[in-house]
Amino acid sequence: MTGNGLIHLYTGDGKGKTTAAIGLAMRAAGAGMKVVFAQFMKGRDTSELKSLCKIPEITVIRNDKDLGWFKKDDEQQVKEYTEAHNRILDEIETFIMNDKCDLLVLDEATYPYNYGIIDKKRLENLFSVCAGGDGENTDRKGHAVEIVVTGRDADSFFTERADYITEMKKIRHPYDKGICARVGIEF
C-alpha cells in the first residue's frame, strides 16, 4: 500500500459495524493487502471469524477465551480484560513493526478505550505509527497503515482523527421483540 494511512470509524447503536469492517477487510485482502483483524471484547466463536481465517491475507487476533459479559465493577474481570487487550496490542505492534500489515481493523476498540481496560497510550501511539510516523519509542520507518475502528460511543480520540465516520443508526432491531442473536446473521 502506498500513500497515507487513513482512519475509518464505524460507530452508532445500529447493527453492521463489524460487518462493514469485515467487508473492507475482504476487499483489501482481494487486492493483495495484508490485513490484521484485531477483535476486542469478544471471545466466543463466531461465523465471520471462521470465514476470515480461511483467507491467507487476513490474520485474526483476539482473546483466546470468552471472558463473558464485561462488568466494570468486577476488579478481577477488569484485570483479565486489560491483560487480554494489552496482549492483543502486543501482537498488533509486532505485525506493524515488521511491516506485515496494510489494513488494521480494531473491532470493538471503542469499548476498552472508554472503559480504561487497555493501555490507552500504547493504542494512541499505534495510531501515530500507522499514520507513517515513528510514534514514541519506536525505530519503525515503514509504510502507512489504514485503520478501521468499530464500536459504539466513540471517544473524541477516535472521532477527531477519523477520515471516514459512518454512524450505524438503529431504527428497528429484532432484539427489541425478544429475538436473540442468530448464527450466521448476528454472529
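This is a predicted model: local features need pLDDT of at least 70, side-chain atom pairs count only at pLDDT 80 or more; totals for chains, interfaces and linings use all residues.
**Notebook: salt bridges and one phenylalanine**

I started with glutamate 83, which pairs with lysine 79 in a salt bridge whose closest N and O atoms are 3.7 Å apart.

Where do glutamate 83 and lysine 79 sit? I found both in helix H3, which covers residues 75–97. They are four residues apart there, so about one helical turn separates them. I then looked up how open each one is. Glutamate 83 comes out as partly exposed, at 38% relative accessibility. Lysine 79 is partly exposed too, at 48%.

**Staying with helix H3**

Next I looked at aspartate 90, whose side chain meets that of arginine 122 in a salt bridge of 2.6 Å, N to O. This pair links distant parts of the chain, since aspartate 90 belongs to helix H3 and arginine 122 to helix H5 (residues 120–130), 32 residues apart. I noted aspartate 90 as partly exposed, with a relative accessible area of 38%.

My next entry is aspartate 107, which forms a salt bridge with lysine 42; their closest N and O atoms are 3.5 Å apart. Which parts of the structure does this pair tie together? Aspartate 107 is in strand S4 (residues 103–107), while lysine 42 is in the loop between strand S2 (35–39) and helix H2 (47–52), so the bridge joins parts that are 65 residues apart in sequence.

Is aspartate 107 buried or exposed? I read 0% relative accessibility for aspartate 107, so this residue counts as buried.

How many salt bridges does a search of the whole structure find? I noted seven.

**Turning to phenylalanine 127**

I went back to helix H5, where phenylalanine 127 has its place. With a relative accessible area of 5%, phenylalanine 127 is buried.

What is phenylalanine 127 in contact with, once neighbours within four places in sequence are left aside? I listed Ile7, Leu106, Ile147, Val149, Phe157, Phe158 and Arg161.

From phenylalanine 127 to methionine 168 I count 41 residues in sequence and 23 Å in space, C-alpha to C-alpha.

Key
Residues are numbered from 1 along each chain as its sequence is written. Side-chain values use heavy atoms; hydrogens and water are left out. A salt bridge is a side-chain nitrogen of Lys or Arg within 4 Å of a carboxyl oxygen of Asp or Glu. Helices (H or I, at least four residues) and strands (E, at least two) are DSSP runs, numbered from the N terminus. Buried means under 20% relative accessible area, exposed over 50%, partly exposed in between (1.4 Å probe, protein chains only). Contact means heavy atoms within 4.5 Å.
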